[in-house]
Amino acid sequence: MERPQRLLLLLSLLSYPSTHAGALRSQIVGGHEAKPHSRPYMAALKVSSHFYCGGFLVAPDWVMTAAHCMGDISVILGAHNYHIPEASQQMFAVESYHPHPEYNANYVPYNDILLLKLRHKAQLNKYVQVIPLPKSSSDLPADTKCIVSGWGLIDQEVATYKLFETNATALSRRKCLLFYPELTDSMVCAASYHKLSDVNRGDSGGPLVCNGVAQGIVSYGFQFPPSVYTRIAHYLPWIRKTMGQ
């Protein structure tokens, strides 16, 4: 796709009304329904009772998501079908919002990371668990196998209330720059090598999970693989300072 078309598409995603942003910015296409509660770190973020974005639990009272998901958010943990009241679900108000101070979305969302401090700590159990973050700032090696999960559209028009997931493989920085010349060290991209329909964006704000570690945050894309993720390892000092650890 030529850059003007890509720019137009991205601007439409960034400017679309917030109650629909989660659906437009994100979708698991060609994936499959996740085994219920097999991703206990997943958080469903709602604004005014509408599904908005994904996120993930990184401490009992902290959820990580994308900065472009900022809004008057409520958080649901322990959900598989977020549309019905499951006994496993825990709901939280957000006490404070912590977007990266250099977040910028003029053309693409740079520093697209947001920490949500929950009003109360989650009760950790088999349905609700914290996911580990990277231990160093090292880049994600090319060809690393990962999983993306989300509640977004499962094709261009079909919505689902159930958690879906798909596989994604990290691309080398050199290869990713062919698709995204604007890529920085704070980003990583991933796609499927074999099935175009298998890899699209997971819900905005959801995690790119590789070997059981949250390595990325779904940030943006242009309706075809690869998609771009905020590289969590790049932000470890800011994350530790913000969370007071």
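**Core, disulfides and positive phi**

Biologist: What is the relative accessible area of H37?
Modeller: The value for H37 is 24%, so H37 is partly exposed. Buried means under 20% relative accessible area, exposed over 50%, and partly exposed in between (1.4 Å probe, protein chains only).

Biologist: What should I know about the model itself?
Modeller: This is a predicted model: local features need pLDDT of at least 70, side-chain atom pairs count only at pLDDT 80 or more, and totals for chains, interfaces and linings use all residues. Residues are numbered from 1 along each chain as its sequence is written, and side-chain values use heavy atoms, with hydrogens and water left out.

Biologist: Back to H37. What is its phi?
Modeller: Phi of H37 is positive, about 65°, and H37 is not a glycine. Most residues other than glycine have a negative phi.

Biologist: Where is H37?
Modeller: H37 sits in the loop between β1 (32-33) and β2. Strands are DSSP runs of E, at least two residues; helices are runs of H or I, at least four; both are numbered from the N terminus.

Biologist: And N111, what about its phi?
Modeller: N111 is not a glycine either, and its phi is positive, near 55°. N111 belongs to the loop between β6 and β7.

Biologist: Is N111 buried or exposed?
Modeller: N111 has a relative accessible area of 15%, so N111 is buried.

Biologist: New topic. Which residues touch the most other members in the largest nonpolar core?
Modeller: F56, M64, V75, L77 and I239 do, in a core of 48 residues. Elements giving two or more residues to this core are β2 (42-47), β3 (50-59), β4 (62-65), β5 (73-77), β6 (90-99), β7 (114-118), β12 (213-220) and α4 (236-243). β3 gives the most, with 7 residues. A nonpolar core is a set of buried Ala, Val, Leu, Ile, Met, Phe, Trp, Tyr and Cys residues joined through side-chain atoms within 4.5 Å.

Biologist: What is V75 in contact with?
Modeller: Leaving aside neighbours within four places in sequence, V75 is in contact with A43, A44, L45, V63, Q90, M91, F92, V94, L116 and L118. Another core lies apart from the largest one, with 12 residues, among them V108, C189, A191 and F222. Contact means heavy atoms within 4.5 Å.

Biologist: How many disulfides?
Modeller: The count is 3. A disulfide is a pair of cysteine sulfur atoms within 2.5 Å. The pattern is 1-2, 3-6, 4-5, counting bonded cysteines along the chain.

Biologist: What does C53 join to?
Modeller: C53 pairs with C69, S to S 2.1 Å. The torsion about their S-S bond is about -80°, so the disulfide is left-handed. C53 is in strand β3 and C69 in the loop between β4 and β5, 16 residues apart. C53 is buried at 0%.

Biologist: And the pair C146 and C210, what handedness?
Modeller: That link is right-handed, with 100° about the S-S bond. C146 lies in strand β8 (residues 145-150) and C210 in strand β11 (residues 207-210), so the pair ties together parts 64 residues apart in sequence. The sulfur atoms are 2.1 Å apart. C146 is buried at 3%, and C210 is buried at 2%.

Biologist: Which residue pairs with C176?
Modeller: C189 does, S to S 1.8 Å. C176 lies in helix α3 (residues 173-179) and C189 in strand β10 (residues 187-191), so the pair ties together parts 13 residues apart in sequence. C176 counts as buried at 1%, and C189 counts as buried at 1%.
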